[in-house]
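Dear colleague,

I am passing on the structure below, together with some notes on what came out of looking through it. Please read them beside the coordinates and check them as you go.

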Amino acid sequence: MATRMKLKLKTVFVLYFMVSLLGLVYALMQLGQRCDCTEHDLPKDRTISRLRGELHRLQEQIRKSEATKQPQKQADKPSLPTIFVITPTYARLVQKAELTRLSQTFLHVPQLHWIVVEDSPHKTPLVTDLLVKSGLTYTHLHMPTAKDRKLQEGDPSWLKPRGVEQRNEGLRWLREDRRAQPGGDNQQGVVYFADDDNTYSLQIFEEMRSTQRVSVWPVGLVGGMKYERPVVEGGKVVRFHTGWRPSRPFPMDMAGFAVSLKLVVANPEAYFDGEAPMGFLESSFLQGLVTMDELEPKADNCSKVLVWHTRTEKPKMKREEALQAQGLGSDPAVEV
Amino acid sequence: MPKRRDILAIVLIVLPWTLLITVWHQSAIAPLLAIRKACHHLVKEIFIIPERLAVRHHRLSDDGVEGKREAGGQAQDSKEYCASDKDIVEVVRTEYVYTRPPPWSDVLPTIHIITPTYSRPVQKAELTRLANTFLHVPNLHWILVEDSQRRTPLVTRLLRETGLNYTHLNVETPRNYKLRGDTRDPRIPRGTMQRNLALRWLRETFNANSSQAGIVYFADDDNTYSLELFEEMRSTRKVSVWPVAFVGGLRYESPKVNAAGKVYGWKTVFDPHRPFAIDMAGFAINLRLILFKPQAYFKLRGVKGGYQESSLLRELVTLNDLEPKAANCTKVVDMVLQREENS
């Protein structure tokens, strides 16, 4: 009995050994062969080769564009005047949306310096983050409006002028702080006041870049009309086509003119007058700078509309308010 | 003697098994090592390229779908990037200011944007603004459908001047002449016929079998879109959803997402029991799904207010198939703004 058992055990061992050996040989043979890769690996390899291809293509593109741009860039950089865009802004529901839209337009314009002035006692994180992420060259300022000058809830929008202190702060920065910086003596530039709810086409910035003193152009959807514009005869502005109070010295909208930086710096007393009667805000600033016949008409002798005075409706929040009354308002941590 | 034999036996048994196991382990690791090497190699190549390049993260997920793009990164240690063998980093930054629109890429899925539009004073301003936004998005195809009898010269010129990749269609919503003035049939929600025409155009132009990857998005001309939105939707497999601001009388409406990352409801006040309580701007559909279900259209008539989106989505997906984007629907990347009628 014992011997048979022993024999059996021996055979078992031998069998076991043979099987293991065979398995080992098989595995070794597999190792030598091309891996029949699982699906897990193939897409990765494909992605890698694709990325490599794209990488090389982009490298070539950059090399090509660098080759053509090198001579241009050297000539362009000093001579392309910077457009300083002054935008007053204030916190409200649609602020982030408006500034996002604006930044998407400005990103297309070369040599643009965005000066954002918040109507707030300190810089808000919403605007700070947005400016950092935008990829633009910017300056972030803030200047609160005095309480008695501020529009209250329920006030019609025309009751008090808006953005006055902020635009003046932008002008002050250009005249004082910027000049103190290295390279601030370069007075090649154009100053433009861009409100955050208007719409700007890209051509308007190219038109205004060549401003010598003050240039003007039509503005769409303003003053209750399809457009307001300066009337040009013989290359000079002779009067203004507008539906409202055409007797103003400069019956234009803020978006309808740009001033050369040289002129702004040379006239340090020129500011927006918050006490001016309604509609005279632009005139209060321009009066000290130019006369009507010195104006430079742009946009094809003021025949094309390249900027629109659009306004955004306040979003209806009745349900939000109802929920907040119940204590179930939407999460304020989610930035809109 | 038995002891030695025993030991010998045990050794003879154990040895081949250990060898086998090591060999198997090796064969599993080898491809991964190769990938990691490739990753390091790529990252090294990349750092030679000048700083105008931004960082694009590609997620090598199991289904081979492209990940999102994060603009403006810093050059970092290649080890950090190659450590997780799931990520490969590519550094690409387009010079926004000079190249527009961005160069067409063969790898990115095309985003087909369907925008219905109609003539009114602010039309040109709205379309200009939209175009300025779209000029930043690579591989974008704009399908603009006018609500008019004929294609207007205003829109034709605008589209041509932007330089975007576009398709210009038109279909007129039948007017209800019984009502005074220029009002359209009030029973047909605005933009429906135009969106349906665009869907039909897509089905006629693209073959269901072709490998052209595409995403379909309905973008109205008065909304604001952040650039991250387009990168979020590019990885849509069936239908993806995200929060939208300023709709339904709330700060934002959003889908409700559970811990497993699945949509189970809607955080809205206005009729949250709709099958898809979401705004037109809050979802995107993979082109393949559109081509696969050629009968799916927006319902023209008899649609209750707010049920438009459901009329289409109902025929395409179930709630379970929805993919939440924007950090599991916690970030707002899309804002619906209304234009004030002519200040």
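Leaving aside neighbours within four places in sequence, which residues is A:Phe205 in contact with? Please bear in mind, before the reply, that this is a predicted model. With those sequence neighbours left out, A:Phe205 is in contact with A:Ile83, A:Val85, A:Thr105, A:Phe106, A:Val109, A:Leu112, A:Tyr192 and A:Tyr200. A:Phe205 also belongs to the largest nonpolar core, which has 60 residues, and it is listed there among those with the most contacts inside that core, along with A:Trp114, A:Tyr192, B:Trp142 and B:Tyr217. Apart from this core lies another, of 34 residues, which includes A:Val214, A:Phe240, A:Met252 and A:Val265. As general background, nonpolar side chains in soluble globular proteins tend to be buried together.

Turning to the sheet in chain A, there is an open sheet of 7 strands in the order β3-β2-β1-β4-β10-β6-β11, with mixed pairing. Its edge strands are β3 (137-142) and β11 (296-297) of chain A, each of which pairs on one side only. Within the sheet, strand β1 (residues 82-89) and strand β4 (residues 189-193) of chain A pair in the parallel sense over 5 bridges, and A:Thr82 stands opposite A:Gly189 in β4(A).

The loop between β4 and β5 (199-200) of chain A holds A:Asp197, a residue that UniProt lists for "binding site" in an unreviewed entry. A:Asp197 counts as buried because its relative accessibility is 15%, and buried here means under 20%. The backbone oxygen of A:Asp197 is reached by the side chain of A:Thr310 at 2.7 Å. A:Thr310 itself lies in the loop between β12 (307-308) and α10 (318-325) of chain A, and with a relative accessible area of 3% it is buried as well.

A:Glu282 is placed in helix α8 (residues 281-286) of chain A, and its relative accessible area of 9% makes it buried. The side chain of A:Glu282 reaches the backbone nitrogen of A:Met254 at 3.2 Å. Beyond its neighbours within four places in sequence, A:Glu282 is in contact with A:Phe250, A:Met252, A:Asp253, A:Met254, A:Phe257 and A:Phe272; one of these, A:Met252, is also among the residues of the core of 34 residues.

For chain B, the overall figures are 9 helices and 14 strands, with 52% of its 343 residues counted as buried. Among the contacts in chain B between residues at least 6 apart in sequence, 73% join residues at least 24 apart. The accessible surface of chain B comes to about 16600 Å², and 55% of that belongs to carbon and sulfur atoms.

In strand β3 (residues 110-117) of chain B sits B:Thr115, which counts as buried because its relative accessibility is 0%. The side chain of B:Thr115 makes a polar contact with the side chain of B:Trp142, at 2.9 Å, and B:Trp142 is one of the residues with the most contacts inside the largest nonpolar core. Not counting residues up to four places away in sequence, B:Thr115 touches B:Leu130, B:Trp142, B:Ile143, B:Leu144, B:Val145, B:Ala219, B:Asp220 and B:Asp221.

UniProt places a "binding site" feature, from an unreviewed entry, at B:Asp222. B:Asp222 lies in the loop between β6 (214-218) and β7 (223-225) of chain B, and it is buried, with a relative accessible area of 16%.

Strand β6(B) pairs with β12(B) in the antiparallel sense over 3 bridges, and B:Val216 stands opposite B:Ile285 in β12(B). Strand β8 (residues 239-241) of chain B is likewise joined to β12(B) by 3 bridges and runs antiparallel to it, with B:Ala284 in β12(B) as the bridge partner of B:Ser240. From strand β12 (residues 283-286) of chain B, B:Phe283 and B:Ile285 point one way while B:Ala284 and B:Asn286 point the other way, and all are buried. In a regular strand the side chains alternate between the two faces of the sheet.

With best wishes

Terms used: Residues are numbered from 1 along each chain as its sequence is written. Chains are lettered from A and ligands numbered from 1 in the order in which they are written. This is a predicted model: local features need pLDDT of at least 70, side-chain atom pairs count only at pLDDT 80 or more; totals for chains, interfaces and linings use all residues. Side-chain values use heavy atoms; hydrogens and water are left out. Helices (H or I, at least four residues) and strands (E, at least two) are DSSP runs, numbered from the N terminus. Buried means under 20% relative accessible area, exposed over 50%, partly exposed in between (1.4 Å probe, protein chains only). Contact means heavy atoms within 4.5 Å. A polar contact is a pair of N or O atoms within 3.5 Å; within protein, one must be able to donate a hydrogen and the other to accept it, and residues adjacent in sequence count only if both atoms are side-chain atoms. A nonpolar core is a set of buried Ala, Val, Leu, Ile, Met, Phe, Trp, Tyr and Cys residues joined through side-chain atoms within 4.5 Å. UniProt positions are given in the numbering used here, feature names are shortened, and annotations may be inferred rather than shown by experiment. Two strands pair if DSSP finds at least two bridges between them. Accessible areas come from the Shrake-Rupley method with a 1.4 Å probe; for residues, only the protein chains shown count as cover.
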